[in-house]
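Let's take a walk through a protein chain together. Have a look at the sequence and the 3D view first, and then we'll go through some of the details.

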Amino acid sequence: QDLILLDGTSGAIATTNGAVSESTTITVNTVTGTIDQAIAADEVAVHVVDTTANTVADTITFASAVGSAVPIDAITVGSATTGGDAIFNSSVSATTISILSGDNGDEDAHINFKGDVTGAIVMNEATGQPSMTTGGAAAQTITGAITTADDDKGAVLITNTTGVTFTGAIGANELRVLEVDVADGADTTFQGVVSAKTLDIN
């Protein structure tokens, strides 16, 4: 089951328990209501992509938790040919979270997580830049490794001043992320190894 969300200039949908059939495509800028798999054996994936290639992606905001009852299988923001931008205002739990930038310099892919995150986060770059931000107002825990498909690609931006804990590794010796940036006043705990071309602690 796929829920494909295309950026829209107005409008919102309310989705509960992964209420999609085999594949549902919706143009929207806000999603309210939780998204869950009914049972673990279900396969639910959420894709966020821009409607127009070669442009900066508009933002889709998820107002409620994703995968809080039963983790969904996959979240993908961006694609090989378009950018994507998403804000998750609550907790997120998925087996894999992919941040994929497109084949044009304007086709960045970005996720701003404002709650706890559980899942393997993978950043992959064509020409645009993939990145993620931990920008919550309350303390956050990011559970799972953050990896990149190519060396020196992808940025991890930490702006939460209340506290962020990363339980897993960020990057790897042979596949470093491009940058880990800790903003001024952002209280951050790294429990795993950090492998980055640039580690900027303000």
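Predicted model: local features only at pLDDT ≥ 70, side-chain atom pairs only at ≥ 80, totals over all residues.

## Strands side by side

In S13, Met 132 has Val 156 as its bridge partner. That bridge belongs to a pairing (two strands pair if DSSP finds at least two bridges between them) in which strand S10 (residues 130-134) and strand S13 (residues 155-158) run parallel, joined by 4 bridges. Helices (H or I, at least four residues) and strands (E, at least two) are DSSP runs, numbered from the N terminus.

Now follow Val 156 onwards: its bridge partner in S15 is Val 180. S13 pairs with strand S15 (residues 177-182) in the parallel sense too, over 4 bridges. One handy thing to keep in mind while looking: in a regular strand, side chains alternate between the two faces of the sheet.

Residues are numbered from 1 along each chain as its sequence is written, and side-chain values use heavy atoms, with hydrogens and water left out.

pLDDT is the predictor's confidence in each residue, from 0 to 100. The protein chain averages 87, and 86% of the residues score at least 70. Over residues 8-22, though, pLDDT stays under 50; the model has 37 contacts beyond four places in sequence for that stretch. (Contact means heavy atoms within 4.5 Å.)

## Rings that pair up

How many aromatic pairs does a search of the whole structure find? It finds 3. Rings of Phe, Tyr and Trp (its six-membered ring) pair if their centres lie within 6.5 Å; planes under 30 degrees apart count as stacked, over 60 as edge-to-face and the rest as tilted. Take Phe 62 and Phe 88: their ring centres are 4.5 Å apart and their planes are at 15°, so this pair is stacked. Phe 62 sits in strand S4 (residues 59-62) and Phe 88 in strand S6 (residues 84-88), so the pair links distant parts of the chain, 26 residues apart. Both Phe 62 and Phe 88 are buried (under 20% relative accessible area; exposed is over 50%, partly exposed in between, with a 1.4 Å probe and protein chains only).

Phe 166 and Phe 190 are stacked as well, because their ring centres are 5.5 Å apart and their planes at 20°. Phe 166 lies in strand S14 (residues 164-166) and Phe 190 in strand S16 (residues 188-190), so this pair ties together parts that are 24 residues apart in sequence. Phe 166 is buried, with a relative accessible area of 2%, while Phe 190 is partly exposed at 29%. Ring pairs also link Phe 62, Phe 88 and Phe 113 into a cluster.

## Two loop residues

Gln 37 is in the loop between strand S2 (23-32) and strand S3 (45-49). Is Gln 37 buried or exposed? At 3% relative accessibility, Gln 37 counts as buried. A polar atom of its side chain lies 3.0 Å from the backbone nitrogen of Val 44, and a polar atom of the Gln 37 side chain is 3.4 Å from the backbone oxygen of Pro 71.

Asn 89 is found in the loop between S6 and strand S7 (92-100). At 36% relative accessibility, Asn 89 counts as partly exposed. Not counting residues up to four places away in sequence, Asn 89 touches Thr 61, Phe 62, Ala 63 and Lys 114.

Methods: Polar contact = N/O pair within 3.5 Å; in protein donor to acceptor, adjacent residues only side chain to side chain.
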